[in-house]
Amino acid sequence: MTALIKLDKVTFSYTGDPKDPHPALKDITLQFHEGEFAVILGANGSGKTTLARHLNGLLLPTLGRVLVTNLDTRDRSYHGIIRQRVGMVFQHPEDQIVATTVEEDVAFGPENLGLPPSEIRQRVDAAIEAVGLEAHRHRPPHMLSSGQMQRLALAGVLAMRPRVVVFDEATTMLDPAGRRMALALMAELRASGMAVLFVTHNMEEAALADRAVVLSEGSVVFDGAPRELFTRQSLEDWGLEPPPVVELGGRLRRLFPHLPEDLLTVEELLGSLPSPQRPCEPPEHRVDGGTDQQGREWVIEVQGLNHTYMLGTPLAHQALQNASLQVAAGRAHALVGVTGSGKSTLLQHLNGILRPQEGKVRVGPFQLDDPTVSTRQVVRLAGLVMQNPESQFFEQFVGDEIAYGPRQLGCDEPLASRVRWAMEQVGLDFLAFKDRFTDTLSGGEKRKVALASILAIKPRFLLLDEPTAGLDPRSRKEILLTLRRMVSEGMEIVLSSHQMEDVAMLAHDLTAFRKGRNALQGLAAEVFWQFEAVRELGLEPPVAALVAARLRTLGWGVPSRVVTAEMLMDHLERCVEVQGEPV
Amino acid sequence: MSQFEFLRSIPFGQYLPVGSFLHRLDPRARMVAFTVIVLALTFSRSLVGLLIGCAVVLVGLRVGKIPYRFAFRGLLPPLPFLFLLAILQVFLNVSSPDESILAVIGPVRITPSDLAAGAKLLIRFTGLILAIGLATYTISTAEMTQGLNIMFQPLAKMGFPAQDLVMMVQVTLRFLPMLAQTAERIAKSQASRGADWDSRPGNIIARVRQVIPVVVPLFLSSLHRAENMALAMDARAYGSSTQRTSLVELRLKAVDGLLLGISFLTGAAILVF
């Protein structure tokens with residue numbers, strides 16, 4: 001293998017000062033080769049995006065040098081050819097699209113290279129086909145889903161015929177189906193001989209690579225196989241978390257000591273589970289609350305709801321079709337489905353900022369098709385934390401941002417004490433954070449501020465649209481623990497998610513949507529055990545449920561409808577006592 | 001209830017790829033033709049000419065497969081201002097003293113030519129808005145940049161930064177729908193935290209007060225986006241070759257000539273009648 005990109009003692013400081021005591025990159029020497037698939041890992045602020053931007057000369061090293069196919073990136077006359085050879089796909093799909101139709105955007109790179117029109121046409125067609133956007137070639141980009149936009153961004157890079165594609169957190173904003181598609185595309189690129197460098201904090205995706213490079217505080221702290229990486233104790237010091245499969249494997253190893261240490265995928269884990277000494281007939285499980293749906297009080301009811309965006313224009317598209325939903329008092333309810341299945345549209349109806357075009361929506365005492373019901377009444381009752389809420393911050397200071405709601409809607413106590421209460425709820429220190437600028441916060445802190453800004457209204461219902469999307473593993477865990485505490489305190493929550501592990505942890509009931517129509521509904525634990533149906537929706541059942549199902553077929557007395565690692569371990573410990581050590 | 005669908009009420013900057021006959025013509029021909037009609041509508045002094053202009057634009061919308069209802073929506077926001085201007089025009093118009101007087105309001109005498117002046121103003125702007133709308137629905141940004149590029153070539157030879165200018169136009173047009181969507185998100189998130197978007201304030205000051213809290217964060221997020229987009233453009237080798245080429249190759253055909261001919265004839269008709 002020949003070196004495609006060479007980093008030679010690269011130090012980089014955003015101030016440009018070579019003596020900066022805290023440079024973003026510290027003395028990095030690395031090589032990336034033709035045709036390899038490597039991931040670059042690291043917590044937020046570890047320097048991984050800074051590193052990625054050195055690979056095509058977007059940033060130039062303060063000290064040291066970067067060679068791309070032996071061309072020094074500091075020589076600006078090479079930039080055209082370097083950027084042709086090193087393609088880059090960024091995190092935010094919509095910000096990297098320049099033109100107003102798909103086809104024209106794909107042509108942008110080749111046009112910049114000064115290729116003849118016939119050659120551009122050929123490359124554009126090939127690239128659009130490679131990412132499967134043929135049907136959309138004349139559409140405007142703002143009418144694409146985020147997954148489609150990310151594919152478009154990749155097509156724009158492929159049309160330049162690069163030797164390596166760098167994905168800079170390019171899957172963070174995608175749902176599982178979008179991620180799977182992106183990963184499949186990466187595999188295809190590799191098969192065609194292209195190298196793939198993937199900057200990510202998703203550890204499941206990291207497991208698929210041949211090589212993992214870990215950055216911590218601007219230095220390379222690990223360079224080797226992902227399998228080896230996940231056995232390292234220092235993973236946590238670097239701000240990383242093992243993927244759920246590896247974590248569950250680690251827990252199971254306490255009961256099954258012979259389980260291999262380097263399990264990476266769900267298949268490997270399922271394949272190495274042992275049988276018990278004394279197999280038994282797996283028991284049926286009685287779920288709390290039972291399946292009897294009588295006697296329940298519905299606090300939110302939606303019936304026959306239709307919603308069409310851009311109604312009356314040639315760009316109209318229907319987001320909800322005859323959708324229905326029933327949320328029971330005192331329970332947490334999840335809306336699941338891939339991007340574009342109508343979850344956000346439905347949540348915005350429950351919040352009163354969208355009103356039914358057709359059908360009925362009742363939230364608590366309010367009928368939302370009644371024009372005399374004001375939006376302010378509804379938002380006070382049902383607070384909505386929107387998707388990627390931090391992109392909609394409009395105040396400069398954390399305290400003001402959180403105080404906005406109660407200031408608008410009125411508050412029966414001093415504003416400061418309400419803000420303090422809301423911040424305590426999400427685990428933010430009032431004095432330390434109230435005067436911070438919102439745009440200097442980390443991703444996880446921003447999400448907490450967004451959550452606090454809704455809690456400060458003291459709504460009865462909390463509506464959450466993809467509460468953990470785009471967060472790194474550690475922040476995600478913190479948000480989930482906060483939400484779980486609220487659920488256990490009896491807060492009535494409706495959340496949308498395409499992360500089934502999150503739903504398993506938080507929700508009692510579940511309604512699944514496909515293309516704006518109801519697809520599945522029932523108790524979350526029951527729905528999750530319909531593995532095929534869940535996969536058909538483009539979602540992944542929780543790992544714990546898959547493991548539990550496999551254990552049952554092996555003869556362990558694990559009940560069905562187990563969906564979290566905690567539940568699984570509880571049951572399994574009892575089983576091991578009764579059924580003996582694994583064979 | 002669609003008070004948040006800003007995108008819906010901003011028809012400008014929205015190319016509609018419906019693939020009509022008009023869409024397939026040479027973009028340069030279309031740009032020249034629309035320019036001629038727009039100029040003619042701007043400078044015409046006769047009612048009949050303006051009506052001919054509007055009729056031609058309406059035919060153009062039909063040929064371009066643009067639904068009338070969609071096109072007319074672009075007229076709604078400026079309509080109150082247009083009426084105000086038209087009324088002012090009626091009052092301020094200076095007519096010759098020997099005209100017959102239709103009505104007297106205070107010190108002002110209304111004559112038929114005053115009314116005609118008001119009507120002309122209304123028709124002129126209706127025609128202009130529809131014509132500019134038609135141009136944006138049927139000319140995609142790539143076609144426009146391509147067309148502009150070729151038309152600017154003589155200027156570029158004289159050292160004028162024509163390519164960068166054209167790119168600026170293109171990125172601006174890409175940003176318009178993005179801005180509308182961002183504004184929509186910010187307005188929604190403010191409304192869902194209690195900002196009052198239910199009432200449609202009648203007076204302008206209240207309306208402005210409703211909009212200002214959206215504008216500031218919108219501006220900040222646009223700066224952020226512009227930064228991201230600049231990076232993405234750099235990463236795709238923008239500016240690294242002196243001669244940009246284009247996906248679309250342009251050759252004038254007979255029908256394009258026909259379009260030009262029609263536009264010049266109607267332009268003349270609008271001005272002469």
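Predicted model: local features only at pLDDT ≥ 70, side-chain atom pairs only at ≥ 80, totals over all residues.
The domain assignment divides chain A into domain 1 (3–233), domain 2 (245–273 + 544–579) and domain 3 (325–357 + 370–536). Between domain 2 and domain 3 of chain A, the C-alpha centres are separated by 32 Å. Their contact draws 5 residues from domain 2 of chain A and 7 residues from domain 3 of chain A. On the side belonging to domain 2 of chain A, the contact residues comprise 2 nonpolar, 2 polar and 1 charged.

Helix α21 of chain A spans residues 543–553. Its buried residues are A:Val543, A:Ala544, A:Ala545, A:Leu546, A:Val547, A:Ala548 and A:Leu551. The elements covering these buried residues include α9 (244–255), α10 (266–271), α19 (524–528) and α22 (565–579) of chain A. Just after α21(A), a positive phi of about 105° is found at A:Gly555.

In chain B, helix α4 (residues 47–63) packs against helix α7 (residues 112–138) at an angle of about 25°, and the two axes lie 9 Å apart. The pair is therefore classed as roughly parallel, an assignment that applies to angles under 35 degrees. The crossing of α4(B) past α7(B) is left-handed. From α4(B), the contact involves B:Leu47, B:Leu50, B:Leu51, B:Gly53, B:Cys54, B:Val57, B:Gly60 and B:Leu61. The residues contributed by α7(B) include B:Ala116, B:Ala119, B:Ile123, B:Gly127, B:Leu130 and B:Leu134, together with B:Lys120 and B:Arg124. By class, this contact of α4(B) with α7(B) contains 12 nonpolar, 4 polar and 2 charged residues.

Technical notes: Residues numbered from 1 in each chain as written. Chains lettered and ligands numbered in written order. Buried ≥ 20, exposed ≤ 12 C-beta atoms within 10 Å, placed from the backbone. Helix = DSSP H or I, 4+ residues; strand = E, 2+ residues; numbered from the N terminus. Contact = placed C-beta atoms within 7 Å. Axes fitted to C-alpha atoms, helices over the stretch in contact; angles between N-to-C directions. Parallel < 35°, antiparallel > 145°, perpendicular 65-115°, else oblique. Left-handed = near helix turned anticlockwise from the far one by under 90°. Nonpolar A, V, L, I, M, F, W, Y, C, P; charged D, E, K, R; others polar. Domains from an automatic or database assignment.
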